[in-house]
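These are my notebook entries on a structure. I record what I looked up and how each term was defined.

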Amino acid sequence: MIRIDHLSKEFTPGNPVVNDISLHVKAGEVFGFLGPNGAGKTTTIKVLTTLLHPSSGTASVAGHDVSKDPLAVRMSFGYVGQQSGVDPAMTIGENLTLQGRLYHLPLKVIKERIKFLLDIFDMSNREGQWVGALSGGLKRRLDIATSLLHEPKLLFLDEPTLGLDPTSRSDLWTYLRRLNKEEGMTLFLTTHYLDEVDQLAHRVGILDSGRIRAIGTPDELKDSLGADAIHLTFEQAPKKEQLALLKSNSSSDEVIQQGNAVRLYLENGRRALPKVIQWLDEHQMSPKSVLLARPTFDDVYLKYTGKDWALADQKTDDDSSAWGGSGSGKWKNKWNKDGGQSGEDWEKWNKDGEQSGGDWENQWQNQTGQSENTQGQEQPMKEAEAMKAKPQVSQEGKKQVSPPKKKESTEKDEKQWQGKSNDQWQEGSEPSESSKEEWPNQWQDSNKESDKKKWPSDQKWDPDKKW
Amino acid sequence: MSYFFSDTKYLLFKYLKLTWRMPMWTLFGLIQPLLWLVIFGQLFKGLSELPQFPKGDYVQFLTPGIIVMTVLFGASWSGVSLLRDLRYGVMEKLFVAPIVRGSIVLSRLLHNGTTVVIQVALLIIVAAVLGAGLPTGMGWLWVWITVLMLAVGFSAVSNALAMTLKREEPLVVMGNMLTLPLLFFSPALVPGDFMPVWMQYASRINPVYYGVEAVRACYSGVFSQAFWMSMGVLGVFSVVAVAVSIAIFQKTE
């Protein structure tokens, strides 16, 4: 369906925005292009949709070359751009009719298609409504509907869920999935939401600085990292030699360092964890925090670009409202930067904790209960290990955040929870992900579930809403 | 190519519909030239007794000038609505549709021409009531052609500028910098003899100059050689402006 061979695009000579990328997308596939802002996603899509001319290399869509036969290419796809693209000063029906006219459909067919599409997108009773008065989610749906009027077999979506609220976003996913399953539509979408490609895409391409860093199914990419990931945070950035030793001693497949934070990827994390901690203790490198997790897309991204997902997007802070699923990305940044040191953020957290102390207690208690039920024996083991790490912040945390008072709660339990919660914040793993303690077996499911719950209403992570 | 005319037609209908839906704007567009007519008519009344002015009421002298001024001002801001379409992604959506860009440009220019022609029609009626008289004989036909050529030409310039500058602020600056000098380098408000010699020469490369001359001829009913030359210049101007505008749209990525 899409064939890109050695495609490059530069706006100023010597400064390629897209740099020699090649990829093929099959008919019926959902392909996700993942990358931070400025990676070249939009530029690639604009070349494919004939909005930009390639500087070198070739691209063909539905068998037509984009530079040689742009009109034929344009007939073959639907395009949903970053801006809405529907005219706010017209009604829904008028927008759709005009679109049909411009794709040279007879009026009778246009009428039928409009009815069909409005039905699919649950907008049947809205044909006469003004587009300017529609909500962002509806406008986006209309945008997709207009782009489907001429029955294309391929749909380009450039960051389709940008700026949408959580409900609209998951709604949109449902529509897109249905288009793919029921209509056999090929979808080519760009996004900088990790969970979006995880949810929707059959295959993912990771794009960074104009180059494709990796292509594969979401699972392949995650599996390429090994089964488990151990996240360690140190007081000081460890030296390269130390890490090399650590790598061989823990038989890790991959070790990635980012300042004070280190991630180990290995086959059996649970078995390796005690050894790792023991080894670190022996070498006077006791970590501040330890977290054992399944590799996520965050890790995949880290591996292929050498950048933390959240950090990579730091320059585009103004975009963060649109972060949606990874809204905690902002927090991630902060925690990563502060390295868990009791900085302003931590105090803010504490204050928040104080204010809603009661709620917090409940949250934690619920969670503990849950994890006990589902975890059985594995969880305590991990907690004990986490405790060994003697997290620094636990002292402070103890004063402010009430630890869960469980029936058999001992001081040890308390410490475990402190340690654990610190891990989560410092490491910046999605709270809702790590709060799902059913791993490893139910990881996949929990991942999906957490998507629905993960939505922060703003960049601040609101504990009350999260859990 | 077979779809060129239908594409242009549907887009033109769309733009006309949008204009129709903003009656307030259209109304203001109408009131403004009437204000000019009344204000300038009062302001320069005394001047018109000077010997350089032709005999007769100053409103008679002024009306063709105000007609051309309406066209010039109306057309010169048509690029602003292009920026709106660019911002909302409406233009991007048109660019990926299987239509040639020429029809996008042409529909925009024709839309502007149509609205300006309607404004001028009303202006002519009101001016007649004020004592300016009406176009004479074949002037009834040529006045529309003159107005249309001017409107299409200047909105082509405005659209081309908007597409190149892509932002509102520079477009407004450019618009102001162009329209007023163009007006003053023409015999719109005062006879050409008022201008110093260098201005008279400079005004000969100004399409507005020929527009005013042509509309005056339509009112007087005297179609001399100068009139045909004016029409020729306006024709060349509008064709070149449209061609450049289409080229810029086509080149834009």
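I began with the contacts of chain B, where contact means heavy atoms within 4.5 Å. Among contacts in chain B between residues at least 6 apart in sequence, 79% join residues at least 24 apart. For chain A I found that residues 24 or more positions apart account for 72% of the contacts with a separation of 6 or more.

I noted the conventions: this is a predicted model, in which local features need pLDDT of at least 70, side-chain atom pairs count only at pLDDT 80 or more, and totals for chains, interfaces and linings use all residues. Residues are numbered from 1 along each chain as its sequence is written, chains are lettered from A and ligands numbered from 1 in the order in which they are written, and side-chain values use heavy atoms, with hydrogens and water left out.

I then looked up secondary structure, taken as DSSP runs numbered from the N terminus (helices: H or I, at least four residues; strands: E, at least two). Chain B holds 11 helices and zero strands, while chain A holds 21 helices and 14 strands.

Next I checked burial (buried: under 20% relative accessible area; exposed: over 50%; partly exposed: in between; 1.4 Å probe, protein chains only). Of the 253 residues in chain B, 51% are buried; of the 467 in chain A, 56% are.

Last, I examined Met22(B), which lies in the loop between α1 (4–20) and α2 (23–43) of chain B. Is Met22(B) buried or partly exposed? I recorded it as partly exposed, because its relative accessibility is 42%.
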